[in-house]
Amino acid sequence: MFAVDEASRALGIELVDAGEGRAVCAMTVTATMVNGHDIVHGGYVFLLADTTFACACNSHGPVTVASGAEISFVTSARLGDRLVATAEERTRYGRNGIYDVTVHRADAAGRTVIAEFRGRSRVIGGTGNAGNTDKGVT
C-alpha cells in the first residue's frame, strides 16, 4: 500500500518499520511545510500520523480505511525537525479497529512529543487498491 501512496511519498515520508498492527514512519519538516507562525502546519503532522496509522491498520491484509481520526497537538515542530510517528493497534473488533499514533522528534532533551493521534479503522474488503471503488480516506 505504501509503495503506491504518492501523497505521502511526495512529502518525503518514509516507512521505517512495520509489523502486524504497528508501523513507524518518519518525515523531515521542509520549508514548504512551515506556516506563517514559523512552525510546521498541523495538517502535515496529521498527514504523517494518518499515513503511519494507515500502514498499521492495513498490515493485516484486507483493504482498511479510516472511519475517523482526531489529533491533539502537544507542541510545535519547526523547519528541519525530523518527526517520527509510531502507530500501535489498541483493538480490533469485527471490521473495526482503534490505533494510537505518537508523533515525536528526537532532540537534546531526548524525545519530545509533538502530537497524539487516535484513528478508527474500517475493513472494506479485498487485498489491494486495484479496482477499489470505495472512497475511504486512508
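Modeller: One term before we start: a residue is called buried when its relative accessible area is under 20%. Also, keep in mind that this is a predicted model.
Biologist: OK, what share of the 138 residues counts as buried?
Modeller: That comes to 38% of the chain.
Biologist: And what secondary structure does the chain have?
Modeller: Two helices and six strands. Starting at the N terminus, the order is α-β-β-α-β-β-β-β. The radius of gyration is 15 Å, close to the 14 Å from the globule rule for 138 residues, so the chain is as compact as a globular protein of that length.
Biologist: How big a box do the C-alpha atoms fill?
Modeller: Roughly 40 × 25 × 25 Å along the principal axes.
Biologist: Switching to helix H2, which residues does it cover?
Modeller: Helix H2 runs over residues 42–57, which is 16 residues. From first C-alpha to last, H2 reaches 22 Å, close to the 22 Å expected.
Biologist: Which residues of H2 are buried?
Modeller: Among them are Val45, Leu48, Phe53 and Cys57, and Asp50 is on the list too.
Biologist: Speaking of Asp, where does Asp81 lie?
Modeller: In the loop that links strand S3 (63–73) and strand S4 (82–93).
Biologist: Buried or exposed?
Modeller: Asp81 is buried, because its relative accessibility is 16% and the cut-off is under 20%.
Biologist: What is Asp81 in contact with, leaving aside neighbours within four places in sequence?
Modeller: Met27, Thr28, Val29 and Arg105.
Biologist: Last one: how far apart are the mean positions of the positive and negative charges?
Modeller: They're 4 Å apart, with 13 positive and 15 negative charges in the chain.

Definitions and conventions
Residues numbered from 1 in each chain as written. Predicted model: local features only at pLDDT ≥ 70, side-chain atom pairs only at ≥ 80, totals over all residues. Heavy atoms only, no water. Helix = DSSP H or I, 4+ residues; strand = E, 2+ residues; numbered from the N terminus. Expected span 1.5 Å × (residues − 1). Buried < 20%, exposed > 50% of the residue type's maximum accessible area, 1.4 Å probe, protein only. Contact = heavy atoms within 4.5 Å. Rg over C-alpha atoms; globule rule 2.2 N^0.38 Å. Lys, Arg positive; Asp, Glu negative; His and termini not counted. Charge placed at Lys NZ, Arg CZ, Asp CG, Glu CD.
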